[in-house]
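This report covers selected strands, helix pairs and nonpolar cores of one protein model. The sequence and structure come first, and the description follows.

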Amino acid sequence: MRKTWKIVTLVSFIMTLIILGVGVVFLYSDYKLFRFFKSIDNGNWSVTREYYNDLTPSQQQTAMAHMEGYAQELCRDYASGDRNYQEVTASFDAINSLDNTQDIYNRRITEINYNELKSAVEDLYKANTSFDTDGAVKAKKRIDDVQKRMDTATKEKLLIQMLNDKYQEYLDCKIDQPKMLEFIAVVAGMSYYEAHNYTGLIGANVACVENYRQIYNQYQTMLTEQKYFDILDTYDTVYAGIDPADTVYKGRFEEMYQTTFYDGMDYYQTKLDNLIAASDGEAAVALMKEIELRYGSAFDLDSAKNELAADWQKTYLQIAMNYEAILQTEFSKTDEGIYIFENEYQRLRPDSMLLYDIDKNGVAEMFLFNSEEATEENTECFAFTYADGSYVYLGYVNILSFCTDSNIIALPSEFGRDFAEEHVLLRFTGTSLEQKKYTKKDGENYAVDNQEVTDAEFLTAQTSIVDHGNNQRPSIMNYVDISDYESYILAY
């Protein structure tokens, strides 16, 4: 029995030694991997290299297979604050000592450097704005440390990116202008190359942004003062100057434009209605021109024009829109008209319009003429009036002067001759121009109403005609180009 126990005990002891030996072998293998990664944690690249060389090829393969995930874990520790910049970069130095391609290091350290530089610059910016001297010293130390790990080109690129990021914060209204300018000053003090030059560009952009933001505030004041035209006149230019990345103010301007546009329509519609109700045609027409300039077809002015215009004005508007067709129709009715159309119309083709109330009855007569043919002496016109709900063509008249009464002093309606000293007094009946008196002097020959007379009789008759004149003739009066007919007729 005792012998059996001894055998069992001996076997058990041997088995225990075998198990412990096997366990040590396996545990030691894991330990070697553990101390390898621990050396990376400690950032001791020479020890890391030594421990790596002590691993078996299989263990080395295992270690490198886990290196990407381990690098990610280092980045997470840095991002969460569990490791500072010095610690994490030392660990990446250890990793880099094993990686001939430097792939892991290059991919990860750029992001870490950027985050560290950004954080340090932010701290310096905050310290400067809060006059924290100690904080500024610490931030500068961090900046110096990170700059040692990046080349100038990379540093400049990162500083420019930081400027863009901070500028976007400014555009998003997360920081104000003074803070943006302080950040620009911090970067300008850190660089002598591309980023330094870029601070000038960003500074100029900030000045532009401040300008249109001030204009926005001015617009808000102008809205309360109902200066809608003033806003609309400058809006497109100002809006075009908004930084495309400034979505906040683009939205504000667009919203303000909608308010301006539609509130303005209501405001000017009411103002126009009041002018029409007060029979202030001149002011109403002036306002309609202003409205049409800003609103175009979006503002319906037809009803206002119809309400403002008297029947005779509506008729004249139709003549002005179709004057050549109407003249050709009227020409075809008389021998004189046919002659004018065939021989004189190209010379006399109208380009100008004058309204003048011959008989002072409140309904003006319309005179169409060619401005190049109008002289200080006479103006050849095609005349219209309004009667019984329609226009009346008064015919061709060569005006020397309008009169103080319902007459016109003119030259005879003849062409193709050098006329002598002649005067015709035309009486306006309301629907026609009738010859009332005619005088002519040709050398030593004198005639009145085509009857030969003495010089004394001629002078008496001529004086009786000229005395009617008021020295007003189309060429020296306020006529307009036919293209401006609408506002001219409505404002009469």
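The model is predicted, so local features need pLDDT of at least 70 and side-chain atom pairs count only at pLDDT 80 or more, while totals for chains, interfaces and linings use all residues. Residues are numbered from 1 along each chain as its sequence is written, and side-chain values use heavy atoms, with hydrogens and water left out.

Strand β1 spans residues 352–356, and five of its five residues are buried, where buried means under 20% relative accessible area, exposed over 50% and partly exposed in between (1.4 Å probe, protein chains only). In a regular strand the side chains alternate between the two faces of the sheet. In β1, Ser352, Leu354 and Tyr356 point one way and Met353 and Leu355 the other, and all are buried.

Strands count as paired if DSSP finds at least two bridges between them. β1 runs antiparallel to β2 (residues 365–369), to which five bridges join it. Two bridges join β1 to β11 (residues 480–481), also in the antiparallel sense. In β11, the residue opposite Met353 is Val480.

**Strand β5 and its partners**

Five of the five residues of β5 are buried, so this strand is largely enclosed by the rest of the structure. Asn407, Ile409 and Leu411 lie on one side of β5 and Ile408 and Ala410 on the other. Four bridges join β5 to β4 (residues 390–403), and the two strands run antiparallel. A hairpin of three residues connects β4 to β5, and Ile399 stands opposite Ala410. With β6 (residues 421–428), β5 pairs over four bridges, again antiparallel; Ile409 has Leu425 as its bridge partner in β6.

Asn407 belongs to β5, which covers residues 407–411. Its relative accessible area is 5%, so Asn407 is buried. Contact means heavy atoms within 4.5 Å. Beyond residues up to four places away in sequence, Asn407 touches Ile358, Phe402, Leu425, Leu426, Arg427, Phe428, Lys436 and His468. Asn407 and Leu490 are 83 residues apart along the chain, and their C-alpha atoms are separated by 25 Å.

**Helix pairs**

Two packed helices are described by the angle between their axes and the distance between the axes. Axes are lines fitted to C-alpha atoms, for helices over the stretch in contact, and angles run from 0 to 180 degrees between N-to-C directions.

| Helix pair | Axis distance | Angle |
|---|---|---|
| α4 and α5 | within 10 Å | roughly 170 degrees |
| α16 and α17 | 7 Å | about 130 degrees |

The angle of roughly 170 degrees between α4 (residues 67–80) and α5 (residues 85–96) makes α4 roughly antiparallel to α5. Angles under 35 degrees count as roughly parallel, over 145 as roughly antiparallel, 65 to 115 as roughly perpendicular and the rest as oblique. Met67, Tyr70, Ala71, Leu74, Cys75 and Tyr78 of α4 make the contact with Tyr85, Val88, Ser91, Phe92 and Ile95 of α5. This contact has 10 nonpolar, one polar and no charged residues, with Ala, Val, Leu, Ile, Met, Phe, Trp, Tyr, Cys and Pro counted as nonpolar, Asp, Glu, Lys and Arg as charged, and the others, Gly among them, as polar.

By the angle between them, α16 and α17 are oblique to each other. Glu324, Leu327, Gln328 and Phe331 in α16 meet Gly337, Ile338, Ile340, Phe341 and Tyr345 in α17. Six residues of this contact are nonpolar, two polar and one charged.

Glu330 lies in α16 (residues 323–331); its relative accessibility is 10%, so Glu330 counts as buried. Leaving aside neighbours within four places in sequence, Glu330 is in contact with Tyr391 and Tyr393. Ile338, in α17 (residues 335–348), counts as partly exposed at 34% relative accessibility.

**Nonpolar cores**

A nonpolar core is a set of buried Ala, Val, Leu, Ile, Met, Phe, Trp, Tyr and Cys residues joined through side-chain atoms within 4.5 Å. The largest has 135 residues, of which Phe92, Leu117, Phe253, Met353, Phe367 and Ile408 touch the most other members. Helix α6 (residues 103–129) gives the most to this core, with 11 residues. A second, separate core has six residues, among them Leu400, Cys403, Leu411 and Leu425.
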